[in-house]
Amino acid sequence: MIQHAIRSSRQSRFRPCMALAAAVALLAACSPQGATEAKPAAPTHAVHPESGLSVIPVTLQTASGPHVIHAEVASSNAEQAKGLMFRKHLGPDEGMIFPRNPPDVASFWMKNTPLPLDIVFIGVDHRVMNISANTEPYSLTPVTANGMTSAVLELPGGRAAELGIGPGTEVKW
């Protein structure tokens with residue numbers, strides 16, 4: 001009898017605690033999850049470690065299939081003026097894209113650029129118009145588009161030929 005009274009006494013003392021624990025669990029289940037552990041959003045684009053420019057995928061649709069180039073975006077006047085000057089390395093699937101807004105007849109040179117480049121001029125229809133292949137490093141001789149360009153894509157010298165990129169190749173970015 002005494003044991004029953006002690007057990008009863010313990011149970012009555014723990015009932016409010018159990019009710020409180022159940023209420024806390026219920027509130028936690030109904031509260032917005034992750035509210036205290038907000039995670040930063042994943043970046044929507046990469047940033048090139050050397051230039052600090054955004055890197056986007058540029059897809060070139062060739063006869064052998066699509067080829068993706070990871071292109072740094074030179075969008076401001078200052079970024080476009082610098083381009084790939086002073087760069088000593090550019091991977092085979094790397095490049096730089098120069099959006100032209102508004103479209104214009106683009107002209108480029110190789111001042112202070114130690115790497116030979118393929119300069120791919122992309123028309124307003126998003127197709128390659130012409131390519132200045134294996135441009136001469138440090139040359140001040142301009143290379144020019146055959147018409148209005150929506151963008152210019154620079155690739156390592158010889159890469160356009162390796163991938164089968166030529167006039168008419170569709171370019172998406």
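Strands, labelled E, are DSSP runs of at least two residues, and helices, H or I, are runs of at least four, with numbering from the N terminus. By that rule, Pro-102 sits in strand E4.

Before going on, a word on the source. This is a predicted model, in which local features need pLDDT of at least 70 and side-chain atom pairs count only at pLDDT 80 or more, while totals for chains, interfaces and linings use all residues. Residues are numbered from 1 along each chain as its sequence is written, and side-chain values use heavy atoms, with hydrogens and water left out.

Back to Pro-102. The peptide bond that joins Asn-101 to Pro-102 is cis, and its omega is near 10 degrees.

Now the aromatic rings. Rings of Phe, Tyr and Trp, the last by its six-membered ring, count as a pair when their centres lie within 6.5 Å; planes under 30 degrees apart are stacked, over 60 edge-to-face, and the rest tilted. Searching the whole structure gives two aromatic pairs. One is Phe-98 with Phe-108: the centres are 5.0 Å apart and the planes stand at 80 degrees, so this is an edge-to-face pair. Phe-98 belongs to strand E4, residues 94-104, and Phe-108 to strand E5, residues 107-108, so the pair links distant parts of the chain, ten residues apart.

Phe-98 is buried, because its relative accessible area is 1%. Phe-108 is buried as well, at 10%.

The other pair is Phe-108 with Phe-121. Here the ring centres are 6.3 Å apart and the planes are at 75 degrees, so this pair too is edge-to-face. Phe-121 lies in strand E6, residues 117-123, and Phe-108 in E5, so the contact ties together parts 13 residues apart in sequence. Phe-121 is buried, as is Phe-108. Taken together, the ring pairs join Phe-98, Phe-108 and Phe-121 into a cluster.

Last, the backbone in two loops. Asn-112, in the loop between E5 and E6, is not a glycine, yet its phi is positive, near 60 degrees. Asn-112 counts as partly exposed because its relative accessibility is 26%.

His-126 is in the loop between E6 and strand E7, which spans 128-132. His-126 is not a glycine either, and its phi is positive at about 65 degrees. With a relative accessible area of 30%, His-126 is partly exposed.

Conventions: Buried means under 20% relative accessible area, exposed over 50%, partly exposed in between (1.4 Å probe, protein chains only).
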